[in-house]
Structure formats: structure tokens, C-alpha cells
Amino acid sequence: MSPLMARPPDGGWGWVVAGSAFVVNGLSYGLLRSLGLALPAFAEYFDRSTQDTAWVSAIALAVQQAASPVGSALSTRWGARPVVMVGGIITSLGFILSAFSSSLLHLYLGLGLLAGSGWALVFAPALGTLSRYFSRRRVLAVGLALTGNGVASLLLAPVLQLLLDAFGWRGALLLLGATTLHLTPCGALLRPLTLSGDPTTPPHSPLSALGLTLFTHPAFAVFALGTTLVGAGYFIPYVHLAPHALDLGLGGYGAALVVAGAAVGDAGTRLISGWLADRGWIPLPRLLAITGALTGLGLVAVGLVQEQEEGWGGPLLAAAGAYGMSAGAFAPLVFGVLPDLVGLGGILQATGLVMMLMSLGGLLGPPFSGFLRDVTGDFKASFLVCGSFILSGSFIYLMLPGALPPCKTVPPSSNPPPEQGELLPSPEIALVSPRDSRSIPNTTC
């Protein structure tokens, strides 16, 4: 039986859920970010181009994100705990079966389709469950969970390079399959939580279960458009940062150092961003637009780094670190703003939809980046283009209420509905936050 509470406990078992989500994030996005180190080995073994091998990570990323609404819908019906546990088993099978691949198509099916489907069942339910456990410290808790991405990248990048050198790509995939099986006990820690105001019966129609009706509301539609544009460029470094370092003259361990440098900056700023957002000094939509723009500029800087004929790649490491810091600050805000838009009752569906939106760009971004590399001979154009996509999405975020300074501040309602959210059908309605003291004010000119 799940406990019935009037409001999120804002702690307690929620910190265990945060730890579980931390590991889930590390064994999904952290592992996916480091997997780029194996792409040159795939290209050499199967004698295929960079564009062809990039589809391995692109398919895994796209499936993981496009199918996330399915994971959210299953969690709404059956609970997050069994869904995440099954997802861990599927992800592990994807890596183990891929170790026996005899063609690139087998990697597309194993790592791309099967492992990606498993990841789709673990990330959105874990993060959605975490958001329901917190109110005042929600963005900080989300930032803590998303730090697993950077920490896992920091650890897995050199470890994966060591495994590739010692056991080859087949042995490395087998060991990664055993590692990803740890997603299953993480799912067992997701204790269900029932809040007052939750629907008493599960959704009956597919549209309601998937949360597709959220797109009919203007504020969420603006957020969706910006997130789609950001997704077109956000994940290209996950796949091609390491190959870009190799192209610039760094060795395998030098490329791993660059990936690790980005991971360190990513992990550190996620907690800082969550703490800053929970203070309420800057409205969440404005902070989202600022950090998104800095992420785009960081990727442009990575693309402008010149070839390193000698040394340890200091300029690229610095640019990658700056990108990692801005991307880390951006990540928790994307999910932290959702309860303010849709309320806690729709957080599972909204999280899945955000993942699906980012998959639209995640599917085409890495192969397009590989195509530009095959045409131009390096990844400079790829990082410049992906940076421009993120800058465009950040500009769209400026249309969210509270993103720009108001011409005139109108005091919010004295009794806003806590934890219900508001989708802003018109610019004259305030965006209600679960933290009454820092609700995003209504603005008029």
C-alpha cells in the first residue's frame, strides 16, 4: 500500500528515490555519452563510415526518448517500480546480445532498439516518481539525480577505453550488459506515493494515458517547441565529442580526458543549478533560457578549437568543460519547470513527453553530424550547427511567462492551488508554482 499524503514529504524516503534516480541516470545517459568511445572500433571492425556507426547511438537515444511516453503510461497504470525493473532487464539483454553481432545491423537492433527500449522504461518513471516526493527542494533533488549522468561519464569514459583496449568491443559490451542489470534493483527502491488530488482511477483513453492533450495548452506548446530545437543539438556531443577529440590529434585516453572534463563540469553545476532554482531569485523560465543559451555557446566554442599537434589538448578540454558546466546547469531546469506547468498529477506524462520531444532531434542530429564530418573532414561544422539549434530553442523559451522581465507586476492570487500547476491559457493568468513565495508573477504591459 502506498502512503496517502496531502503534500509531498520533501525528504524522507524521497532521498532514497533520489539515489535510485541518480544510478538510473548514470546507467542510461552517462553510459550513452561514453559509448561514443566505441564507435571508432565499430567503424574499423565493420569497415563502415562515421555516419553509419553514428546510427548506433542515434537509434538508442531516439528509441529511449521517443518511447518514454510509453514508459510513463505504463507507470501510470502499473506503477513505476515494476516498469523500471523490467526496463533494466531489457537494457542488459540489449548489451549482451550486441556483443555477438556479426554486422552493423545487429548493433542497430541490439544497442539501438533493444537497449534503447529498456532505457525508455527506466528514466522517465524514475524521474517522475522523484518529482512527486519533493516540493520546496524539488529542483535540487532533480539536480542531484541528474548528476548521475556526469559522474557516470567521468567514471565510465576511462573505464570503457580500458575495457576496449583489454577485451575489445565484444568483451566491453558483455561487461556493460552486466553493469546495466543494476537498473533492476534501482527500480525496486521506487516506493509508490499517493498524494491527495491524484486521480482515483487510471486513464482510460490512450491520449490521456500518454498525456498528449497537454499539447493543446499554449504554455506547454511553447515549451515543447523550444525543447525540440534544443534536442536537435543537445545530444551530438554525447556521440561525437570523443571522435572530435581523436580528429584533433588526441589519443584514446586524451579523448577520454575530454569526455571526463565535460562530465566534471556537468555534474558540478547540476547541483548548483538546482540549489539556485529553489532559492527563487530568478524565475525558472528565465533561468532555463539563460542556461540553454550558454550551452549553445559552449558547443560553438568546442567547434572552434583548432587541431592539436602536440600537448594534452588544453583548449579543447577547457571548451568541453565550459560546455559541460552550462549543459549541467540546463538539465535539471527542463524537468524542474514541469510541475509548474502541469502539476504533480501530470508529471509522469509530461516527463515522458519531454523525452519524446528531444528524441525528434536526437534521432537525426548525430547522423547529420556524422554526415557533415564525412563531407568536411572534421566535426567543426557539426558542433557549430548543433550549437545554433540550441541557441534557437533558448530563444523560444523566452516566450514562456516569467522568462522576460515584466513591464508591470500583478500580485498573484492569495490562495493559489498548491501542487496543481497552471498551463496558462492566456498571458493574463499567472503561472502558479508549488512554492507560493516564488510563484512566477503575472505580467501585463
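**View 1. Asp47 sits in the loop between α2 (39–46) and α3 (50–66).** Helices here are DSSP runs of H or I with at least four residues, numbered from the N terminus. The whole model is predicted, so to speak of a local feature we ask for pLDDT of at least 70, and side-chain atom pairs count only at pLDDT 80 or more, while totals for chains, interfaces and linings use all residues. Residues are numbered from 1 along each chain as its sequence is written, and side-chain values use heavy atoms, with hydrogens and water left out. Take a look at the backbone of Asp47: its phi is positive, about 55°, although Asp47 is not a glycine. Most residues other than glycine have a negative phi. Asp47 is also exposed, at 67% relative accessibility (exposed means over 50% relative accessible area, buried under 20%, and partly exposed in between, with a 1.4 Å probe and protein chains only).

**View 2. Arg48 and Asp52 form a salt bridge.** Their closest N and O atoms are 3.3 Å apart; the term asks for a side-chain nitrogen of Lys or Arg within 4 Å of a carboxyl oxygen of Asp or Glu. A search of the whole structure finds one salt bridge. Arg48 is partly exposed at 41% relative accessibility, and Asp52 is partly exposed too, at 22%.

**View 3. Ile89, Leu93, Leu97 and Leu181 make a nonpolar surface patch.** The patch covers about 360 Å², with accessible areas from the Shrake-Rupley method and a 1.4 Å probe, only the protein chains shown counting as cover for residues. Patch members have over 30% relative accessible area and no salt bridge; nonpolar side chains (Val, Leu, Ile, Met, Phe, Trp, Tyr) are joined within 5 Å, and like charges within 9 Å. You will find Ile89 in helix α5 (residues 80–98), where Ile89 is partly exposed at 43%.

**View 4. The largest cavity holds about 140 Å³ of space.** Of its 15 lining residues, Tyr29, Tyr234, Phe235, Ala331 and Phe335 are the closest to its centre. A cavity is a set of points on a 1 Å grid, over the protein atoms alone, where a 1.4 Å probe fits but cannot get out; lining residues have an atom within 4 Å of a point. The structure holds one cavity of 30 Å³ or more. At least two lining residues come from each of α1 (14–34), α8 (138–180), α15 (314–336) and α17 (347–376), and α15 gives the most, with three. The lining comprises 11 nonpolar residues, three polar and one charged.

Methods: On a 1 Å grid over the protein atoms alone, a cavity is a set of points where a 1.4 Å probe fits but cannot get out, and a pocket is an open set with protein on both sides within 12 Å along at least five of seven lines; lining residues have an atom within 4 Å of a point. Grid points are joined across faces, edges and corners, and a volume is the space filled by probe spheres set on the points. Ala, Val, Leu, Ile, Met, Phe, Trp, Tyr, Cys and Pro count as nonpolar, Asp, Glu, Lys and Arg as charged, and the others, Gly among them, as polar.
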